[in-house]
Structure formats: structure tokens, C-alpha cells
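Biologist: Could you take me through this one slowly? I would like to know what the words mean as we go.

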Number of protein chains: 2
Amino acid sequence: MSRRPGRRPARVAGELAQPAFRQVSRPYAPVEVLSADHVAAIHEAALSVLAEIGMRVLHAPARELLRGAGATVLEDMVRLDPALVMERLKTVPPSFTLEARNRTHDLKLGGRDLIFASVGGPAYVMDADKGKRDGTFAEMCDYLKVVQQLNVLHQEGGGPFEPMDLPANTRHLDMYRAQITLLDKNWQTQSLGHARTMDGIEMAAISLGTTPEGLCNRPVLLGIINTNSPLQLDVPMAEGLIALAGHGQVLAITPFTLAGAMAPVTLAGALVQQHAEALAGIVLTQIVRPGVPVLYGGFTSNVDMRTGAPAFGTPEYAKAAQASGQLARHIGVPFRSSNVTAANAVDAQAAYESQMSLWGAMMGGAHLLNHAAGWMHGGLTASFEKLILDAEMLAMMAAYFDPIAVEPADLAIDAIREVGPGGHFFGTAHTMCRYETAFHIPLLANRDNYGQWLESGAVTAEARANAIWKQLRADYEQPPLDPSIAEALDAYVARRKQEGGAPMN
Amino acid sequence: MSRRPGRRPARVAGELAQPAFRQVSRPYAPVEVLSADHVAAIHEAALSVLAEIGMRVLHAPARELLRGAGATVLEDMVRLDPALVMERLKTVPPSFTLEARNRTHDLKLGGRDLIFASVGGPAYVMDADKGKRDGTFAEMCDYLKVVQQLNVLHQEGGGPFEPMDLPANTRHLDMYRAQITLLDKNWQTQSLGHARTMDGIEMAAISLGTTPEGLCNRPVLLGIINTNSPLQLDVPMAEGLIALAGHGQVLAITPFTLAGAMAPVTLAGALVQQHAEALAGIVLTQIVRPGVPVLYGGFTSNVDMRTGAPAFGTPEYAKAAQASGQLARHIGVPFRSSNVTAANAVDAQAAYESQMSLWGAMMGGAHLLNHAAGWMHGGLTASFEKLILDAEMLAMMAAYFDPIAVEPADLAIDAIREVGPGGHFFGTAHTMCRYETAFHIPLLANRDNYGQWLESGAVTAEARANAIWKQLRADYEQPPLDPSIAEALDAYVARRKQEGGAPMN
């Protein structure tokens with residue numbers, strides 16, 4: 001193993017290459033892995049599941065909302081008639097805009113437009129220096145700074161990992177304040193329980209100089225709602241859904257349908273269940289507030305049937321992501337997917353599993369790519385190096401989504417004539433006036449020849465990523481914030497801490 | 001960097017997971033990155049290049065063949081009228097079968113059917129133990145044994161690297177004998193010059209108990225013809241093309257159009273030139289022997305404009321591969337693409353660049369994925385670990401190409417009812433009778449949790465790949481060969497060595 005990754009720290013040569021922050025749009029038709037008949041069959045089966053089996057809804061107010069809209073409620077089981085479901089889907093907006101406190105970072109979702117969100121929710125942090133560990137608030141702030149620095153990331157994903165040095169009942173307040181003040185990008189809120197969700201809404205309102213009521217027709221926050229698959233919506237998630245939808249904020253309803261564990265072992269069956277659970281959640285959002293923006297979340301993956309371990313970035317995942325996109329388009333709801341891997345190291349496996357999920361999501365027509373950068377260990381850990389690796393792969397995807405220009409000058413017949421057989425294009429006028437912007441410039445990839453690469457330390461992609469995030473963190477400058485808003489946020493956090501924060505769920 | 005790849009050799013737990021050898025078919029529509037108008041514009045521009053500028057053809061007999069078919073020849077420049085080109089395309093078969101000496105390894109190409117070929121042509125070999133180096137014949141035989149062992153590889157790709165311990169003028173004879181005797185899969189021949197190509201045809205004929213004439217309506221060999229971009233066909237390649245086409249064997253005409261170097265800096269311009277050069281080569285095959293199988297080769301990539309270094313697996317590469325597939329379908333010719341990377345280590349970069357090219361090729365509708373496994377360093381080096389990494393990614397692609405089954409039992413409504421809200425699917429009858437074959441089983445991916453992974457040595461994907469190829473080599477058994485054929489091959493090689501082999505080009 002004489003050619004192992006370099007022992008010495010990697011150097012980052014010159015300025016880091018990053019295209020400017022920009023909206024990404026998909027110019028190509030999505031890949032369809034299901035026939036129209038099969039899409040309809042899965043949709044119809046999901047409607048039967050909701051009509052004949054139903055969802056268990058553990059939150060009484062949510063059950064009452066559903067009953068009031070025409071659902072049949074028996075104890076905690078809620079059955080939804082197909083006509084009720086289809087009627088409620090009519091008010092879902094096909095596209096919407098999310099506002100950021102820096103308005104040049106506003107985001108469009110729907111149609112061709114999509115966004116990349118950084119990892120949200122892991123328990124642990126890791127980097128190549130210290131491995132996996134409980135994270136601190138200071139480390140979380142470092143992570144947020146790198147997310148702010150990476151132009152390809154459109155949205156912060158809800159707190160990259162738990163800052164375990166902060167008390168659990170008030171931790172979310174410090175996280176929100178960091179998300180608002182360290183970034184000027186749009187951010188996701190936590191949605192576990194009424195109190196945490198309302199704190200997110202309150203602080204988002206403060207950051208924009210308004211009140212929670214003032215946000216009602218102004219989407220600025222996005223929250224993820226996971227059903228407890230199979231077929232269950234628990235109290236904290238129902239509270240989060242109702243609070244966000246009630247304030248006109250965006251939900252992504254995402255069943256966690258791991259085929260062979262919390263969902264049928266067949267992909268079609270797992271998709272039926274995903275579709276049923278997503279439909280139930282989407283219907284509830286539209287009952288709470290007709291017209292509130294909502295996304296259809298697809299997260300179907302599979303377990304490793306030899307061990308029962310969750311598997312991600314599998315061929316099944318890619319197919320399920322593209323099938324989920326078809327199901328979301330079938331019901332006219334924007335689609336959320338993710339960039340996932342089960343790998344333990346930021347190595348080739350992490351890259352190829354993420355690529356399988358990226359292509360599944362991007363060519364599946366995703367509008368929100370959640371956990372787009374930083375996700376490791378099946379979602380248990382946020383990695384600093386994976387954040388850079390993913391930013392590289394996302395920027396490549398964005399460049400892939402720039403269509404080939406085919407204007408007459410692009411066809412280059414004159415340049416071909418000028419160079420002639422056996423010639424070289426480098427010095428031609430056609431090349432010289434285009435070469436600086438002709439091709440995507442990578443952040444992470446190394447294109448040295450092998451001799452040069454050995455000479456400069458045989459640094460692998462993971463070690464280069466380590467140097468890059470450190471340089472980005474060092475180069476970070478905090479985006480400006482009106483001091484009166486900063487003070488109001490501080491006051492809110494202080495008051496809520498005094499009140500004891502949020503109850504533990 | 002405390003979590004670096006393990007220092008101790010990786011263990012391979014239990015039997016290696018490999019699906020059986022099987023034909024791969026693409027069930028989904030290809031991705032179209034160009035509009036129909038743009039495809040037509042590039043095609044028309046390429047026809048103008050051939051009509052107005054022409055190709056330099058350095059081989060006089062090839063020029064005479066083209067002149068005889070109606071081309072305008074002035075010195076070494078050959079101009080082709082659009083009508084002549086379009087007329088000659090009519091005889092290209094849209095699909096064909098390649099015969100292997102083990103007939104269960106016969107291969108279909110065209111329509112939905114595609115094949116994966118192992119890396120061919122690099123100068124060097126590398127592995128994690130000894131790094132990059134000149135390779136020996138013994139090492140080349142080891143490489144071929146692993147290619148034979150990997151069920152996902154359909155075709156041997158023409159000799160994985162140069163055995164530098166053998167004399168250059170007779171090396172190809174030892175390579176052919178190794179390709180024939182160590183594998184029972186179909187194999188690619190060398191096509192550089194008349195003598196080398198004829199030796200391939202003669203030895204292929206011997207291996208099947210026939211003569212070169214007996215192969216004429218029986219495709220068993222495939223040779224790659226690279227034009228010397230821009231717009232040039234040299235003597236050795238023209239000789240190879242004429243010899244193979246003359247014996248009814250399969251050609252892949254592949255311009256090496258690196259945008260910004262040997263082709264225009266615009267992708268559209270590089271595609272115009274690629275299309276022109278490919279058309280010229282394809283026309284020549286059909287003049288030599290109307291109806292001979294031929295593939296349209298797309299290899300357009302770009303240079304790194306900061307350094308001039310070739311770049312592979314870029315966003316531009318993925319777009320160009322899918323555009324090339326459209327151009328090939330536009331003229332009704334099967335399509336060849338490749339799995340490429342510029343990475344120096346078998347790390348995340350190698351994986352994501354290969355994935356970009358894989359998705360470009362596979363969803364671009366490639367029928368031959370050349371260099372599908374083992375290619376490193378922009379094609380200069382064949383890697384043992386990359387061979388395993390690529391086999392993993394190819395098997396995932398093949399599994400992605402198994403469409404989702406949507407029969408009534410797959411929808412699993414009864415299983416969903418049986419398990420009910422909050423339950424678990426693992427023990428159900430629906431799961432138990434399907435779980436063993438429900439999901440693709442990886443060869444390389446590790447799905448241990450982080451603790452287990454650390455405990456068992458923190459082995460990265462590259463180190464696992466190292467253990468896997470060694471186990472495959474150890475498990476290798478030579479496929480049977482009729483002793484009289486082995487003797488005839490030996491006699492042929494001995495005679496040709498005595499004659500001095502092939503002249504050096």
C-alpha cells in the first residue's frame with residue numbers, strides 16, 4: 001500500500017474555484033422508470049390503502065381536522081376516501097418561492113427549478129482529523145460557515161448535527177440563531193413538536209422584521225415531516241405540520257419506507273406505502289391551510305437482506321427516486337429527494353452511492369434535493385469532507401444541467417476549416433475568446449498527471465477535501481445583519497431559555 | 001487523519017456476491033440533451049465538413065476505395081458528398097450478435113441490448129500494493145483472470161496493458177493467446193496495422209475451428225478504430241479497419257475529440273467534428289463490405305483550460321455522451337461510449353468521474369461500454385482495484401436496469417394490511433418468500449455500522465477492492481479448451497514469432 005493518501009496536510013493551490021450562487025433548473029425530461037399504467041396502479045393501490053386500512057394519527061387535533069374534512073375516524077385510525085384525497089390535492093401549488101434574508105438568495109421550487117439543501121439532522125459529526133464524535137456548538141457553527149461559503153448550496157438543511165454541549169430543551173434556539181446569523185441563505189426549521197416549530201417561525205419572522213402572522217403568505221421556512229412508517233403520524237410531527245402549514249410555511253412530507261423493514265420488500269409495495277403516507281400528510285396540510293406549499297417526499301430505500309442493515313444509494317434507491325418523481329408529478333405536487341450513502345469513509349463507496357442517489361433524484365425531477373451535501377453513515381453523521389465532496393458533485397450536476405449551446409458559431413465549422421487535418425485548436429481565435437468559461441472548473445478534482453500528483457504528495461480526494469473546508473472556513477466572512485434584528489433575536493432566545501425552552505419529546 | 005485506510009490487509013468475508021453472467025438491456029428511454037433540431041444541425045454541419053473540408057486519409061488503398069465509391073480525392077484529402085454518406089449508412093446493421101467461444105457468453109448489441117468491456121490499451125498497470133509501473137505478461141494474465149471471473153464483464157477489451165517484458169513486435173501474439181485461452185468470453189482484437197489485425201483474425205478463427213474466410217458472416221471480433229483528430233485517418237488504423245471489415249468483423253469508429261485541443265472548444269463544435277470523422281470511418285467500412293457491423297464511437301471530452309490537461313468524467317463528458325447517443329440514433333448506427341476518469345487514486349474522484357461517464361453512457365443509450373472496468377489516469381493505466389470498483393458500479397447499473405415489477409402481488413396491499421400501522425415487515429410471508437432475491441447484493445460496498453467498521457479495521461473501498469481481486473485471482477479456474485485448438489494456437493504463435501511478428505508502426 002505504498003501509494004496511500006499523503007501523510008502531510010494537503011495544500012490548496014490558488015483560489016478555490018466556485019461558480020457564483022445561482023438557481024438550478026433541469027432542462028432535460030426526467031427519466032421514467034415506470035409506465036403510465038404502473039404509475040396509475042401504484043396511485044390507485046395507495047388510495048385503497050388510505051380508504052380501507054387508513055393511517056394511525058396519534059395527535060387528536062390532527063384527527064379532528066381530518067374528520068372535519070370528511071375522513072372516517074375510528075379511535076386513532078383515520079380512513080380517507082379517494083374523492084376526498086383528490087379534492088384536497090387540487091389546492092397544492094405546483095411551484096413556489098422561498099424567501100431568504102439576502103433576497104439574492106431567494107429560491108424557486110417547482111417545474112424545472114430545484115434547490116440543493118445541506119445535510120440536516122444527524123446525531124454526530126466527523127472529519128478526517130478526529131473521526132466521528134459528538135459535535136459541539138462551535139463545530140456546528142464551523143459547519144454552517146462552510147455551508148454559507150459553498151455557492152452551490154442553496155439552502156441550509158435544518159442544523160447539520162446535534163451540538164451535544166448544549167442542553168437539549170434549548171439547543172434549537174441556539175441553532176436557529178446560528179442558522180440565521182451565520183448564513184444569509186434560506187434555512188430549514190426543526191419541526192418536532194409545537195414549541196420547537198413555533199420558535200423557528202418566531203425567529204424567522206424576527207429575522208425578516210415581521211411577525212408569525214406576517215409570514216402567512218410569505219414562505220420563508222421549510223420543515224421536514226416524517227411519517228412513522230408504516231402508516232403512522234405521531235404527535236410531534238403532527239404538531240410541526242400544523243404549526244408550519246398554519247403559518248403558510250412549506251412542508252416536505254417524507255415517509256421513511258425502507259423496503260423489507262418499515263415497508264414491503266417489493267419496491268412497488270414500498271412505493272404504494274410511501275405514496276399513501278405522503279398523500280395523507282399532504283391532505284392534512286391542505287386542510288390546515290388550502291394552498292400552502294408542500295412537497296412530496298420520496299425516501300424509499302432497501303435494507304441489506306443479509307444483515308438487516310439499511311442500505312442507501314443502491315440501484316433500488318435510484319429506481320425508487322425516479323418512480324417517486326413520477327408519482328409526485330402524477331398528483332401535481334413538487335418532489336423532494338435526497339443524496340444518501342451508507343459508507344463509513346469518504347471514499348469511492350461514498351462517492352458512488354451518492355452519485356446513484358444524485359442521478360436518481362436529479363433525473364427523477366426532484367425540486368428539493370435534501371441532505372444534498374454532508375450526509376454520511378446512513379444519516380447518522382455529518383462529515384466535513386463529505387460536504388466538500390458533495391459540493392463538487394452538485395456543481396457537476398448543475399453544469400450538466402447547462403444545455404449544450406448549438407448556435408451557428410458553436411458549430412465551429414470555420415474553426416474546423418482553419419485548423420484543418422492534424423492541427424490543434426488551442427491557439428485559434430474560436431478557442432481563445434471562449435476558453436476561460438468553456439468548461440466547468442472543479443473544486444476538488446485533481447487533473448495532474450501521475451508524476452505531478454506523486455510529487456505533490458499523492459493527496460487523495462478526501463485529504464484535498466479536508467484542506468478545502470479549512471480554507472473555506474478561514475475565508476468566511478459573516479454576512480451583514482441589521483443590529484436591531486440581531487438584538488431582537490438575542491432577546492427572543494434569552495426569554496425562551498428563561499421559560500425553559502421546548503419540552504422533550 | 002486518525003481514521004485512514006487500514007494498515008492491515010482487508011479480509012473478504014464469506015463468498016463474493018456476484019450475479020450470474022447475463023445480457024444487459026436498457027428498459028428506459030435514453031436521456032435527450034439535444035432537441036431534434038439541434039441533432040439535425042450538428043448532423044448537417046458534419047456533412048458540410050466532409051463535403052467542403054474533407055478527411056485526410058493517409059492510406060492510399062483506403063483513398064482508392066473511397067474514390068471508387070464516388071468520393072472526391074485530391075492528394076490525400078477525401079471529400080464525401082452528403083448523398084454518398086447517407087446512401088452508405090443504409091447498409092449498417094442496427095443490431096448484431098458477437099459470438100464467444102463459450103456460446104453461453106454470446107453477446108447482443110443494438111436496440112436495448114448493451115455490453116460491458118474491460119479496459120483495453122493502457123501502457124501501465126497499477127495496484128494498491130506496488131503503485132503504477134510497467135506491467136509484465138504474468139501480471140497481464142492475472143488481470144485477464146480477474147476479468148474472466150467478474151460476471152458483469154461481457155467482453156475482454158483488447159489487452160488490459162502492455163506486457164513490457166515481451167518484445168514489441170510479437171507481444172500481440174502472446175496477448176491474443178492469453179485472451180483466448182484464459183477467458184471464454186468474447187474479446188477485442190488489436191487493430192493497429194494489417195499484420196497485428198490479421199493475426200487477431202487468424203487466431204480467432206483457429207479458436208473457433210475455422211478459417212478467416214469462415215468468419216466472414218460470423219462476427220466474433222471487435223476492433224477499435226481511432227481517427228487522428230482532427231480529420232485524419234492514418235495508415236495503421238486504415239489497415240486495421242480494412243482487414244476487419246473485409247472479414248466481416250465489427251469496428252467501433254471512435255474519434256478522439258478532446259474539446260479545446262484536437263477539437264473545437266465548444267461542445268457542439270467538438271460533436272460536429274466527432275460526427276464527421278465517425279461518418280467517414282463508418283462509410284469506409286460499408287464500402288469495404290456492405291452490411292458489416294459497425295459502431296459509432298463517441299469519446300468527446302474536454303481539457304482543463306487552466307492547464308491543458310485532459311479531463312474525463314466531467315459534466316461536459318456526460319452531456320457529450322448523451323448527445324453522441326442521439327447522433328448515433330439519428331443515423332441508425334449502434335453506439336459505443338466509455339467509463340473514464342482522470343483520477344490518480346482509486347478514491348472518491350475516481351468513483352464520481354466514472355459515475356458521471358457511466359450515467360452519460362448508459363442513459364445515452366450506449367451499446368458497447370468500452371473501458372467499462374479498470375481505466376485510470378485518463379487511459380494511461382489499468383488498475384486492479386479500479387477493475388473491482390467498476391465491476392461494482394456496473395453491476396449496480398445492471399440492477400438499475402431491472403425494471404420495478406408492478407404485478408398485483410408486488411403492490412403488497414395485503415402485506416401492508418397484515419403488518420398495520422407501526423409494525424414491521426421483516427417476518428411477514430410476503431417478505432420471507434422474496435427477501436433472498438429482492439435486492440441487488442453488492443460486491444464491494446460495506447454496510448456495517450461505524451462501530452463494526454472500525455472494529456474490523458476501518459477498511460476503505462480501495463483496500464477492500466484489493467482483497468477482492470486477489471480472492472478472485474485465487475479462485476480462478478481456466479475454462480476448458482479443446483487440446484487440438486490449444487495446439488493449433490501454439491503452432492500459429494510459434495510460426496509467426498519465427499517470421500518476426502508484426503512490423504513496428
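**Words and cut-offs**

Modeller: Let's begin with Glu52(A), which lies in helix H1 (residues 36-53) of chain A; helices (H or I, at least four residues) and strands (E, at least two) are DSSP runs, numbered from the N terminus. By the way, this is a predicted model, where local features need pLDDT of at least 70, side-chain atom pairs count only at pLDDT 80 or more, and totals for chains, interfaces and linings use all residues. Residues are numbered from 1 along each chain as its sequence is written, chains are lettered from A and ligands numbered from 1 in the order in which they are written, and side-chain values use heavy atoms, with hydrogens and water left out.

Biologist: Why is Glu52(A) called partly exposed?

Modeller: Buried means under 20% relative accessible area, exposed over 50%, and partly exposed in between (1.4 Å probe, protein chains only). Glu52(A) has 45%, so it counts as partly exposed.

Biologist: And what is Glu52(A) in contact with, leaving aside its neighbours within four places in sequence?

Modeller: Arg79(A) and Arg417(B). Contact here means heavy atoms within 4.5 Å.

Biologist: How many residues does each chain bring to the contact?

Modeller: Chain A gives 122 residues and chain B gives 122 residues. The area buried between them is about 10400 Å², with 67% of that from carbon and sulfur atoms. Buried area is the accessible area (1.4 Å probe) that two parts lose on being put together, summed over both.

Biologist: How do you know that the span of helix H7 (residues 235-246) of chain A agrees with what it should be?

Modeller: The expected span is 1.5 Å times one less than the number of residues. H7 of chain A has 12 residues and should span 16 Å; its end C-alpha atoms are 16 Å apart, so the two agree. Buried residues in H7(A) include Met237(A), Leu241(A) and Leu244(A). After H7(A) comes Gly248(A), with a positive phi near 70°.

Biologist: What is the phi of Ala458(A)?

Modeller: Near 50°, a positive value in a residue other than glycine. Most residues other than glycine have a negative phi, and most peptide bonds are trans. Ala458(A) sits in the loop between helix H15 (450-455) and helix H16 (461-475) of chain A.

Biologist: Why is Ala458(A) called buried?

Modeller: Its relative accessibility is 8%, so Ala458(A) counts as buried. His371(B) also has a positive phi, near 50°, and lies in strand E20 (residues 368-373) of chain B. At 10%, His371(B) is buried.

Biologist: Which bond joins Ser229(A) and Pro230(A)?

Modeller: A cis peptide bond, with omega about 0°. Pro230(A) is in the loop between strand E12 (221-225) and strand E13 (232-233) of chain A. In chain B, a cis peptide bond joins Ser229(B) and Pro230(B), again with omega about 0°.
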